Structure formats: C-alpha cells, structure tokens
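Here is a short report on one structure. Look at the model first, then read on.

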Amino acid sequence: MIKIAPSLLAADFACLKEELAKVKDADYLHVDVMDGHFVPNISFGPPVIAAAAAVSTLPLDVHLMVNEPERLIPDIFAAGQGKIDCITVHWEACRHIHRTLQVIRNLKVRVGVSLNPATPVLNLKYILPLIDRMLIMTVNPGFGGQAFLSEVVPKIEDAARLISSLKAGCEIEVDGGIDRQTAPVVVNAGAKILVAGTAIFRAPDPARAIKDLRRASEVK
C-alpha cells in the first residue's frame, strides 16, 4: 500500500492546528528542516516540530536538509515528543555517514538517507543494510512548489533494482513535484512513500487531495 506524507513546509503556519487536522488521514507528516547552508532556504527547527507533534496525530517523517545533521538530531528527536517515526539525513551533508546513521539508530527510530537528483543510487550500496528509507529527491532541495524532474525516474527504478538485488528491507520515498500526474509515474518506478506539499496543503480540500493521490497511485 502506498503511503502519503503531506509536507509541513506547504502548510499555513498562522493556523497550524487547523491545517494539520485537514491531513489526519495521511500516513505521515513530512517535516523539512533547512539550515540556509546545505540548502539556500531556512525553514524551522525544534520549536515548530514540537508544536506540530503536540497537535498532530500523525507520526513524523523528519527530513534534515542541513550540514552536519548529527549536531541537531538529539534536539530534533526531543522536540518530536515520541512521535518521530523516521529521521532522514542527506548523503551529501554527512562527513561520516555511518556514524550519523548510528546516532539515529541509537534513538530507536527508523533511519533514512536522502539523495539529491544528481547523486547516484550506488553511493548507498554499502550502507543499504543500515537504512530503512531511501528518500530520492525529484527536485533540487530547498524550496517547495518546484516542478518534477522527470529525468530522475530511471534513478528510482535503479534504486528498486538495487534494493531487490541486495534483499534489503528499505522503502523508497520520493519528494518533489508529486501530484496526481506524477504520483503514478514514481509508484510504477518503485516508490512506496509519496511526499506532497503544494498538491495537498494548497488544494481546496486537502483531505480530498490525499484520497485523489492514493487513487492516482494505484498501479495499473
């Protein structure tokens, strides 16, 4: 079954509680933490995560778009108030990726690694047994509302083949430009978790948008 993760970045923070109530039927709440260094934008940190955790019933899928993420991981975990399901870091942002993954694993939550569009899937070959979630970016990270990069679709297929060949228990998550048109494309390529911000929170009816994404994701 395909899982849907609305991206908090696209929500209206002036009425956060009401916004999160609209997406209660999703599977996760995707939380993008940006530092203004690894990516050009700055989003939010532990205080907003704590606020979201306090009012949302969804498990948190935390995506750290920050340099040296191991510095922030303990504070992010504490802010999640026991609701964090997975913490994902970028392969490109970690000096010693094994050490960073162990920091996450020691917190007893799922471990994720994200890849920018131009980063090869094979970079994760030797750490794949340590990963629960591979997050493939289908836009360059840093801003919401970007157009889907169709040239990344073969990369999702490569990831699915690599996971299968190594018999790894890793799910493929896709983030960037996901809507009713692109969802079936990435699902057919091997994606199991879909992150969508604008397509859900900026829709007239976010709850309906989630249902529409699920329906569009049914592999024919």
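Helix α4 has buried residues that are covered by elements including α3 (73-79), β4 (84-90) and β5 (110-115). Contact here means heavy atoms within 4.5 Å. Helices (H or I, at least four residues) and strands (E, at least two) are DSSP runs, numbered from the N terminus.

This is a predicted model: local features need pLDDT of at least 70, side-chain atom pairs count only at pLDDT 80 or more, and totals for chains, interfaces and linings use all residues. Residues are numbered from 1 along each chain as its sequence is written, and side-chain values use heavy atoms, with hydrogens and water left out.

Helix α4 spans residues 97-105, and its buried residues are Ile97, Thr100, Leu101 and Ile104. Buried means under 20% relative accessible area (1.4 Å probe, protein chains only). Seen down the axis of α4, these residues fall within an arc of 100°, so they line one face of the helix. The arc is that of the directions from the helix axis to the C-beta atoms.

Now the sheet. Eight strands form an open sheet in the order β1-β8-β7-β6-β5-β4-β3-β2, with parallel pairing. Its edge strands, β1 (3-6) and β2 (29-34), each pair on one side only. From one strand to the next, the twist averages 25°. Two strands pair if DSSP finds at least two bridges between them. Parallel strands β7 (residues 171-175) and β8 (residues 193-196) are joined by three bridges. Aspartate 175 stands opposite valine 195 in β8.

| Helix | Strands | Angle |
|---|---|---|
| α4 | lies across β4 and β5 | about 145° to β5 |
| α8 (residues 206-216) | touches β1 and β8 | about 145° with β1 |

Angles run from 0 to 180 degrees between N-to-C directions, with axes fitted to C-alpha atoms, for helices over the stretch in contact.

Technical notes: Buried means under 20% relative accessible area, exposed over 50%, partly exposed in between (1.4 Å probe, protein chains only).
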